[in-house]
Amino acid sequence: MKNSNEENELKELEVTFSNQIDTTNIKEPYPRKIKDVFREFHKDKSIVIRPEYQRDFVWNTSKQKSLIKSVYTGIPLPMFYFAETNESKFEVIDGQQRLTTIFGFILNNSIDAQTRNKLIKKMTLEHNGKKITDEKIREDILNKKIYCVEVPKENLNLKYEIFKILNQGSVTLKSQEIRNSIFTKEIPRFNKLLKQCGDSIRKMTGLKLQRMAGEELAYRFFLISEYGYDSDISLKMKDISKVINDFKVKDIKELEKSFALFLKNLKKLFGKDLSRVFQVFSKKEQYPKVPTFSNFFFSGVINQGLFHLFAYYLQKYNSNQLNKVTETNFKRMYVRLLKNKNFVGVITGSGTNSRKNIEESKSVFVSQFLTKLLGIWENKEKRNISRTHLAQIVH
């Protein structure tokens, strides 16, 4: 049973505050003439006005005209933020809509063809009953100043944090969309793998998982594989610099194999009901009279706690151990797990990322589910639990 609200397909657990800080050498905001910034954009090509992570140009005509009027009359604008790249260029991380408007008005052809048709080319301003020509407006604008802030390329975590903060008052980007912009340049092969894995998750679950929600799940999988699952994984996700340093040296083919094996094992366990993986039961529906797995109503929403647990533990078992459990028995035990109110309570609602709740969810998941089905993962003997014994457990 799928939830019609696509935004709820993945509940992103954002941490609103972290006491971890990064040192920075960001300089004080400094004034620059618009003509100098425009030259660097148009002639030197050293300013990237719309990086991959920036949204399309969306300002309407009225908003553009109000901006041009403000600049011409000398009203100070909010600061413009630029992030240095490894190619000695500067990406606009805040001010893209404003700079596109200003540069497009100065010289329409300086903006890409798809966007320039949305931009105003003429303005009507009057002073003391006299019309001000477009040429006069452009000339004056070129000599106006804007205040700029530069984020050094060495501090990728700070770039991420600044963009998140600046983005709060607009059509916000998702965290993974911002990470994608950074990973595209810093660890492109790993970023490409995240996209491939995200598509695989969408195909497996049947959920659209828009705005890189599938890629975020893949990102969580690889970070759990690398760093374990003993605390809030969201904090590890935000340490962009560490992730880049660690995954630059990773063998992409090995990472690809590990994720492929993860999906293969899930398919082996869930069979035709794979679309319900990582979901709890729907709170709106009663349990079915015939309590078979296929008769239950599921939430239609991926539960991050379940995903984290499967990502962490499933890869600990080898194929011999997984082959001991039948799909039918697995589903029976999974139904029992999801009926456990204590377990569901610590993987849903508030506080699910606390160390206490994580440890409790792991304890129940292992003792009441995995060990009874598959035995202890450290025991790699071919027959560490018999099917006869397993049948006695699940019936």
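**Exercise 1.** In what order do the five strands of the open sheet stand, and which kind of pairing does the sheet have?

*Solution.* The structure is a predicted model. Step 1: reading across the open sheet gives β1-β7-β3-β4-β2, and the pairing is mixed. Step 2: β1 (30-33) and β2 each have a single partner strand and therefore stand at the edges, with one side of each left without a neighbour in the sheet. Step 3: helix α3 (residues 96-106) packs on this sheet and touches β3, β4 and β7 (145-151). The direction of α3 makes about 115° with that of β4.

**Exercise 2.** Compare the span of helix α8 with its expected value, then identify its buried residues and what covers them.

*Solution.* Step 1: α8 (residues 188-205) contains 18 residues. From first to last C-alpha it reaches 26 Å, close to the 26 Å expected at 1.5 Å a residue. Step 2: the buried residues of α8 are F190, N191, L193, L194, C197, G198, I201, R202, M204 and T205. Step 3: the elements covering these buried residues include α7 (175-186), α9 (213-227), α11 (240-247) and α12 (252-270). Step 4: after α8 comes G206, with a positive phi near 75°.

**Exercise 3.** Which members of the largest nonpolar core touch the most other members, and which residues does F369 touch beyond four places away in sequence?

*Solution.* Step 1: the largest nonpolar core has 84 residues, and those touching the most other members are F222, F262, L266, F270, F278, F310 and F369. Step 2: with residues up to four places away in sequence not counted, F369 touches F310, F330, M333, Y334, L337 and V364. Step 3: a second, separate core holds 31 residues, among them V71, L77, F103 and I120.

Notes
Residues are numbered from 1 along each chain as its sequence is written. This is a predicted model: local features need pLDDT of at least 70, side-chain atom pairs count only at pLDDT 80 or more; totals for chains, interfaces and linings use all residues. Side-chain values use heavy atoms; hydrogens and water are left out. A nonpolar core is a set of buried Ala, Val, Leu, Ile, Met, Phe, Trp, Tyr and Cys residues joined through side-chain atoms within 4.5 Å. Buried means under 20% relative accessible area, exposed over 50%, partly exposed in between (1.4 Å probe, protein chains only). Contact means heavy atoms within 4.5 Å. Helices (H or I, at least four residues) and strands (E, at least two) are DSSP runs, numbered from the N terminus. The expected span of a helix is 1.5 Å times one less than its number of residues. Two strands pair if DSSP finds at least two bridges between them. Axes are lines fitted to C-alpha atoms, for helices over the stretch in contact, and angles run from 0 to 180 degrees between N-to-C directions.
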